[in-house]
Structure formats: structure tokens, C-alpha cells
Amino acid sequence: MPQQSEAQPVVLYSTASDDFFHTLGIPLREGRAFGPQDGLPGAPLTIIVSDATVRHFWPKGMTVVGSRVRMGPGPGAELATVVGVVGDVRADPSRHEAEPIMYHSIRQNPFNGPIFLIRTRG
């Protein structure tokens with residue numbers, strides 16, 4: 001993340017399919033959702049971040065899409081490119097505000113297992 005501090009930032013992390021945000025009605029604010037290009041051999045590691053993540057870690061007015069984020073502690077941790085920003089989701093309903101969260105494409109981490117989401121009316 002752009003801001004430096006002594007403590008390592010902690011951000012919720014989830015795997016998402018190409019239609020994850022559309023299926024759950026989470027708005028895409030900027031950039032793009034995941035797609036087939038993210039699963040191509042040699043494709044760069046990509047992530048999508050929430051509005052809360054942007055508010056917490058990026059200075060106001062700084063470009064988020066295209067930023068590179070270190071995916072672990074230490075200088076040797078893999079870098080991921082932010083390809084999109086989505087609306088907030090509260091992972092913990094007891095909290096008043098959404099926590100920062102970033103999403104990784106299931107195409108780049110297929111070992112998490114299948115994810116099934118179904119949206120119904122009623």
C-alpha cells in the first residue's frame with residue numbers, strides 16, 4: 001500500500017469469480033472486474049479493492065487502478081496490480097462501517113475450491 005508505517009497493514013482477503021460482484025450486486029466503481037485475461041499463463045497477479053480499502057490506504061486524489069500492492073510482509077513478497085475498485089461490503093454485520101477488503105481472482109488461485117453464489121428474488 002502507498003502509505004508506510006511500522007506495523008504491517010491487515011486487510012480482509014477473499015477470492016472472487018468473474019461474475020462475483022455482479023451476482024452480489026456490488027457496484028464496480030472504477031476499473032474492471034476479473035475476466036479470462038487474469039487466468040492466462042504468465043498473467044500478472046491482479047486484485048480488486050473496496051472503497052474502504054481506498055479510503056484507508058490511498059491518499060485522497062491518488063490513482064488507485066494501476067497501483068501495485070505488496071501481498072505479504074517483506075520486500076520479497078509478490079506484487080499485485082489493482083485492476084478495479086468496488087463498493088463496500090460489511091463482512092461483519094456487527095460493525096457500523098465496512099472493513100478494508102481486497103479480492104483475488106479465482107483464476108489465479110484455483111486451489112481455494114469452487115465458489116457457488118446464487119441470487120434469488122423473494
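A search through the whole structure turns up 4 aromatic pairs. For rings of Phe, Tyr and Trp (its six-membered ring), a pair means centres within 6.5 Å; planes under 30 degrees apart count as stacked, over 60 as edge-to-face, and the rest as tilted. Keep in mind that this is a predicted model, where local features need pLDDT of at least 70, side-chain atom pairs count only at pLDDT 80 or more, and totals for chains, interfaces and linings use all residues. Residues are numbered from 1 along each chain as its sequence is written, and side-chain values use heavy atoms, with hydrogens and water left out.

**Aromatic rings**

- Phe-20 and Phe-21 have ring centres 5.2 Å apart and planes at 85°, so this pair is edge-to-face.
- Both Phe-20 and Phe-21 are buried (under 20% relative accessible area; exposed is over 50%, partly exposed is in between, using a 1.4 Å probe and protein chains only).
- Phe-20 also pairs with Tyr-103, and that pair is tilted, with 5.7 Å from centre to centre and 50° between the planes.
- This second pair links distant parts of the chain, since Phe-20 sits in helix 1 (residues 20-24) and Tyr-103 in strand 6 (residues 101-105), 83 residues apart.

**The overall layout**

- The protein has 2 helices and 6 strands, which are DSSP runs numbered from the N terminus (helices are H or I with at least four residues, strands are E with at least two).
- Going along the sequence, the pattern reads β-α-β-β-α-β-β-β.
- Of the 122 residues, 38% count as buried.
- Take the contacts (heavy atoms within 4.5 Å) between residues at least 6 apart in sequence: 69% of them join residues at least 24 apart.

**A buried threonine**

- Thr-53 belongs to helix 2 (residues 51-57).
- With a relative accessible area of 0%, Thr-53 is buried.
- The side chains of Thr-53 and Ser-50 are joined by a polar contact of 2.9 Å.
- A polar contact is a pair of N or O atoms within 3.5 Å; within protein, one must be able to donate a hydrogen and the other to accept it, and residues adjacent in sequence count only if both atoms are side-chain atoms.

**An exposed valine**

- Val-10 lies in the segment before strand 1 (12-16).
- Val-10 counts as exposed because its relative accessibility is 73%.
- Val-10 and Gly-72 are 62 residues apart along the chain, and their C-alpha atoms are separated by 9.7 Å.
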